[in-house]
Amino acid sequence: MAVKKACEMFPKSLIEDVHKWGCMKQTGVSLRYMMEFGSKPTERNLLISAQFLHKELPIRVARRAIELQTLPYGLSEKPAVLKVRDWYLESFRDMRAFPEIKDSGDEKEFTQMIKAVKVRHNNVVPMMALGVNQLKKGMNSGNLDEIHQFLDRFYLSRIGIRMLIGQHVELHNPNPPRHTVGYIHTKMSPMEVARNASEDARSICFREYGSAPEINIYGDPSFTFPYVPTHLHLMMYELVKNSLRAVQERFVDSDRVAPPIRIIVADGIEDVTIKVSDEGGGIARSGLPKIFTYLYSTARNPLEEEVDLGTADVPVTMAGYGYGLPISRLYARYFGGDLQIISMEGYGTDAYLHLSRLGDSQEPLP
């Protein structure tokens, strides 16, 4: 099938509008602001929120749409990337076509529209992974620095767009769970999230290997702080999954019982730090710079099997995309945290997940 340029699929006026909005300044918000503003989801506040998103979301979406059309090494021409570009242009068109929001009726309609936009973008990550994989197959050298920088910006922006939409939509929940403001849990227990994520990762490990190492979690079970549980779950699941795989594969033919993975939750004044330690043999020092690059993985790539571009439903596996760590680090950085990996080759790996306890850092806007 011939590749269709954006100008053939969309009217020229829309493409011009995308370039105009892509030059506008983005406005970042902080976790604390989202929490304080959303704590009273009155009609007036929901209206203000919708009016902000009506202007802010097209700017963010336009920036990504422009970038998707100007990627190096011919990445913009890959069918999977073109599909993602079309999703961004369609979403920009839908948002710009929506009239000014004047009352709660408009606000409710707008909320339904952005909810549909969020669903449209559900498979952006595997689809982009597929596009980069198509590119990688045809390239001789491994110099994907520009691509990595683009993907960092692209996925960080995507986290922000989905957080803003999800937060606004969730504020409409007539029966929100206790202590929640939209996506934010004002009294989140990191111990509890770590336990749930560990159980999820162990069940995948059992499915793939038939057994799974034990996981021991240490910390204050009564300690809570405001954060987004889905973000922490995603990061913890990824780190624990990596540790389980390393330990399982190291001890698969050993007479020794596989040593447990240790998770330590420490509550500091500024940061909550979670350490995930394993004895899975570690990573060679030469491999450490690669672990935060996209499509570096020591496991077989699940995207080698052809994915249907229509659905892009990619199976959940133990490993393989090489996306887990770089995306987890972006989630940590989104609210002012970070992720560090320290390895002892021949012994094991320690992952340090730092989460800002203060919640006052602005979104990093690429």
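Me: In this predicted model, where is Tyr 73 found?
Reply: The model is predicted. Tyr 73 has a positive phi of about 60°, although it is not a glycine. Most residues other than glycine have a negative phi. As for its place in the chain, Tyr 73 is in the loop between H4 and H5.

Me: Does Tyr 73 count as buried, partly exposed or exposed, and at what relative accessibility?
Reply: Buried means under 20% relative accessible area and exposed means over 50%, with partly exposed in between. Tyr 73 therefore counts as partly exposed, its relative accessibility being 38%.

Me: Which loop holds His 179?
Reply: His 179 is a residue other than glycine with a positive phi, near 65°. At 31% relative accessibility, His 179 counts as partly exposed. His 179 is found in the loop between H8 and strand S1 (180-181).

Me: How many residues of H7 are buried?
Reply: Helix H7 covers residues 124-138 and has 15 residues. From its first C-alpha to its last, H7 reaches 22 Å, close to the 21 Å expected. Among the buried residues of H7 are Val 124, Met 127, Leu 130 and Leu 135. H7 is mostly covered, and its buried residues number 11 of 15.

Me: What covers the buried residues of H7?
Reply: The buried part of H7 includes Pro 126, Met 128, Gly 131 and Asn 133. What covers the buried residues of H7 includes helix H4 (43-68), helix H5 (79-97), helix H8 (145-170) and helix H11 (324-334).

Me: Which residues does Glu 56 touch, leaving out those up to four places away in sequence?
Reply: Glu 56 lies in helix H4. Because its relative accessibility is 2%, Glu 56 counts as buried. With residues up to four places away in sequence left out, Glu 56 touches Lys 25, Gln 26, Thr 27 and Leu 164.

Me: Which element gives the largest share of the lining of the largest cavity?
Reply: A search of the whole structure finds 1 cavity of 30 Å³ or more. The elements giving two or more residues to the lining of the largest cavity are H5, helix H6 (104-120) and H8. The largest share, 4 residues, comes from H8.

Me: How do the residues lining the largest cavity divide into nonpolar, polar and charged?
Reply: The largest cavity holds about 70 Å³ of space. Its lining includes Val 61, Tyr 88, Ser 91, His 121 and Arg 158. The lining residues divide into 5 nonpolar, 2 polar and 3 charged.

Me: How far apart in space are Tyr 209 and Arg 245, C-alpha to C-alpha?
Reply: Tyr 209 lies in helix H9 (residues 190-209). Tyr 209 is partly exposed, with a relative accessible area of 28%. Tyr 209 and Arg 245 are 36 residues apart in sequence, and C-alpha to C-alpha they are 9.0 Å apart.

Me: What share of the contacts in the chain with a separation of 6 or more comes from residues 24 or more positions apart?
Reply: The chain has 11 helices and 8 strands. Of its 366 residues, 50% count as buried. Among contacts with a separation of 6 or more, the share from residues 24 or more positions apart is 78%.

Conventions. Residues are numbered from 1 along each chain as its sequence is written. This is a predicted model: local features need pLDDT of at least 70, side-chain atom pairs count only at pLDDT 80 or more; totals for chains, interfaces and linings use all residues. Side-chain values use heavy atoms; hydrogens and water are left out. The expected span of a helix is 1.5 Å times one less than its number of residues. Buried means under 20% relative accessible area, exposed over 50%, partly exposed in between (1.4 Å probe, protein chains only). Contact means heavy atoms within 4.5 Å. On a 1 Å grid over the protein atoms alone, a cavity is a set of points where a 1.4 Å probe fits but cannot get out, and a pocket is an open set with protein on both sides within 12 Å along at least five of seven lines; lining residues have an atom within 4 Å of a point. Grid points are joined across faces, edges and corners, and a volume is the space filled by probe spheres set on the points. Ala, Val, Leu, Ile, Met, Phe, Trp, Tyr, Cys and Pro count as nonpolar, Asp, Glu, Lys and Arg as charged, and the others, Gly among them, as polar.
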